[in-house]
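Welcome! Please take a moment to look over the sequence and the 3D view, and then let us walk through them together.

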Amino acid sequence: MSLRKRIMPYVAALITSPRLRSLRRRLSEIRRRLAGRPHLLTIYLHPADPYALPLLDMLPRFLTDFPVETEFRVVLELPEDMYPARNLLDEYALMDAGRLAKLYDCPYPENVTLPDPETTRLAARLRWLREEREDFAQIARDVIAAVLTGDSAQLQSMERAGCVLPEEEADAKSAERMQQLVEHGHYLSSAIYYGGEWYWGLDRLGHLARRLARLGVGDPAAAESYLRQHQPMADSRQPAAGVMDFYFSFRSPFSYIGLGRTLELARRYNVKLNIKPVLPMVMRGLKVPRTKRFYILHATKREAEAAGEGFGFLCDQVGVGVERCLAM
């Protein structure tokens, strides 16, 4: 075994160490106080991102429970090397965002569809003028809903009501925002940046709420209401029928912490479970950029802690190690 593989578990344990994270958070809070800055959430949005709809719907309630300031950043383009099959991801996001909205009792349009590029570009140019407005979140929600439902009349009405930025200027602003996103260590829209950490989408608000509550911002009891995905599973009264397929990667941290809960889900609802192993991305010739790897590592640690599972001391057995697991 190479020296790199020998020391990797210790490096991963250090990177995901709760003590190191607590230290980083304390330093971030000290810097905020010394600079006299308020608690500030920086929220990145994309005009055609369906995950933005439930996030923006939940935001007013969240800000009532945790009174912090917000600023918005609109991005038109996202780093392409982070998405090996962007078209499939976009199609899946339409359905998945609807499920998420239902889980959190948020409205979600029934007739969502993949938008055309020109509609997306028009929406981006409209919204640049409104980033600083107090009602920006509601305007953004209306625009994104119009984009995803193909309501071009709504967008054209907004265009007639006020000027839009020239396309070159809008592109330049979008590039600046994307650079900020990547420099801070992320690659997705509908992501919130606070105090050196990222919280992607509506179902990560619980982790942010817990952090703010520990700083004395908001009610700690309110934080738990945002952790819907970690609530105990209810016992099934009626046996379910059918089959559930679970696509599992031996290299994926999310697969690791999701396996136990998936097995429990199948048992409780009496569903036949098919575990379908898949090759890791790098073994299929796909790159996983450093920014993506590190975000997934830290995000998995938070999810594991919330679910009461251990995670952090890990090794990367890509190659022969994965092949042996697949053979078994």
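Angles between axes of 65 to 115 degrees count as roughly perpendicular. Keep that in mind as we begin with a pair of helices in this predicted model. Helix α2, residues 18–35, packs against helix α12, residues 290–307, at an angle of about 110°, and their axes lie 12 Å apart. The two helices α2 and α12 are therefore roughly perpendicular to each other. Which residues make the contact? From α2 come Pro-18, Arg-21 and Arg-24, while α12 brings His-298, Lys-301, Arg-302 and Glu-305. Sorted by class, this contact of α2 with α12 has five charged residues, one polar and one nonpolar.

Now let us turn to the nonpolar cores. The largest nonpolar core has 56 residues, and the members that touch the most others in it are Phe-62, Phe-66, Leu-205 and Leu-208. Helix α3, residues 52–65, gives the most to this core, with seven residues. Another core, of nine residues, lies apart from the largest one; among its members are Ala-48, Ile-139, Val-143 and Ala-146.

Finally, a word on cysteines. A disulfide is a covalent bond between the sulfur atoms of two cysteines. How many disulfides does a search of the whole structure find? The search finds zero. As for individual cysteines, Cys-106 has a relative accessible area of 12% and is buried, whereas Cys-325, at 32% relative accessibility, counts as partly exposed.

Note on methods:
Residues numbered from 1 in each chain as written. Predicted model: local features only at pLDDT ≥ 70, side-chain atom pairs only at ≥ 80, totals over all residues. Heavy atoms only, no water. Axes fitted to C-alpha atoms, helices over the stretch in contact; angles between N-to-C directions. Helix = DSSP H or I, 4+ residues; strand = E, 2+ residues; numbered from the N terminus. Parallel < 35°, antiparallel > 145°, perpendicular 65-115°, else oblique. Contact = heavy atoms within 4.5 Å. Nonpolar A, V, L, I, M, F, W, Y, C, P; charged D, E, K, R; others polar. Core = buried A, V, L, I, M, F, W, Y, C linked by side-chain atoms within 4.5 Å. Buried < 20%, exposed > 50% of the residue type's maximum accessible area, 1.4 Å probe, protein only. Disulfide = S-S within 2.5 Å.
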